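Open the model in your viewer and keep the selection panel at hand. The tour goes stop by stop.

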Amino acid sequence: MVSESDTSAITPAMVELGRAIFHGQGTCFACHGEKLEGSQIAPTLKPHAWRDAKNGEFAAIYYVATHGVPSTLMVPRPGGITPAEALAVASYVWSVGKGKVKP
């Protein structure tokens, strides 16, 4: 199993699960866009100068998904996702952000 600091254990199945949660129960797409392009209320999750998930690091992405971002619309565990589901979403977002998969 992937931990929030080990990207070597991310599998294609984990990324696909994260993709499904991002576009489904997690409702992440509603703010971050269908193609992770961002919107007026949430930043892109494609390669960019990360603000809250410093340097787009996997552990930082997971932290944002599980703790939210104060004073923004980013809530902890959006859609009521579990910590394990947040790990899958972080796997997907990290993989897109690093150019390893397409959104």
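What follows is a walk through a predicted model, one selection at a time.

**Stop 1: helix α1**

Select residues 12–22, which make up helix α1. Colour Met14, Val15, Gly18, Arg19, Ile21 and Phe22: these residues of α1 are buried. Now look down the axis of α1. The buried residues fall within an arc of 165°, so they line one face of the helix. An α-helix has 3.6 residues a turn, so residues three or four places apart point the same way. Turn to the other side of α1, where Pro12 and Ala13 are exposed.

What covers the buried residues of α1? Show α2 (29–32) and α4; the cover includes both.

**Stop 2: the aromatic pairs**

Show the aromatic side chains next. How many aromatic pairs does a search of the whole structure find? There are 2.

Take Phe22 and Tyr92. Their rings sit edge-to-face, 5.4 Å centre to centre, with 70° between the planes. This pair links distant parts of the chain: Phe22 belongs to α1, Tyr92 to helix α4 (residues 83–97), and they are 70 residues apart. Both Phe22 and Tyr92 are buried.

Move to Phe58 and Trp94. This pair is also edge-to-face, at 6.3 Å centre to centre and 80° between the planes. Phe58 is in helix α3 (residues 58–67) and Trp94 is in α4, 36 residues apart, so again the pair links distant parts of the chain. Is Phe58 buried or exposed? Buried, because its relative accessible area is 3% and the cut-off for buried is under 20%. Trp94 has 11% relative accessibility, so Trp94 counts as buried too.

**Stop 3**

At 0% relative accessibility, Ser91 counts as buried. Which residues touch Ser91, leaving aside its neighbours within four places in sequence? Ser91 is in contact with Ile10, Met14, Val15 and Phe58.

Val93 is buried, with a relative accessible area of 4%. With neighbours within four places in sequence left aside, Val93 is in contact with Phe22, Leu45, Trp50 and Ile61. Draw a distance from Val93 to Thr27: C-alpha to C-alpha, the two are 14 Å apart in space, and 66 residues apart in sequence.

**Stop 4: the largest pocket**

The largest pocket has a volume of about 560 Å³. Of the 30 residues that line it, select His32, Pro43, Leu45, Val64 and Met74, the closest to its centre. Leu45 is one of the contacts of Val93. Which elements give two or more residues to the lining? They are α2, α3 and α4. Colour the lining by class: 22 residues are nonpolar, 6 polar and 2 charged.

**Stop 5**

End in the loops. Most residues other than glycine have a negative phi, and most peptide bonds are trans.

Select Asn55, in the loop between α2 and α3. Phi of Asn55 is near 60°, a positive value in a residue other than glycine. Asn55 is exposed, with a relative accessible area of 58%.

Then select Ser71, in the loop between α3 and α4. Its phi is near 65°, a positive value in a residue other than glycine. Ser71 counts as exposed, at 84% relative accessibility.

Methods:
Residues are numbered from 1 along each chain as its sequence is written. Side-chain values use heavy atoms; hydrogens and water are left out. Rings of Phe, Tyr and Trp (its six-membered ring) pair if their centres lie within 6.5 Å; planes under 30 degrees apart count as stacked, over 60 as edge-to-face and the rest as tilted. Helices (H or I, at least four residues) and strands (E, at least two) are DSSP runs, numbered from the N terminus. Buried means under 20% relative accessible area, exposed over 50%, partly exposed in between (1.4 Å probe, protein chains only). The arc is that of the directions from the helix axis to the C-beta atoms. Contact means heavy atoms within 4.5 Å. On a 1 Å grid over the protein atoms alone, a cavity is a set of points where a 1.4 Å probe fits but cannot get out, and a pocket is an open set with protein on both sides within 12 Å along at least five of seven lines; lining residues have an atom within 4 Å of a point. Grid points are joined across faces, edges and corners, and a volume is the space filled by probe spheres set on the points. Ala, Val, Leu, Ile, Met, Phe, Trp, Tyr, Cys and Pro count as nonpolar, Asp, Glu, Lys and Arg as charged, and the others, Gly among them, as polar.
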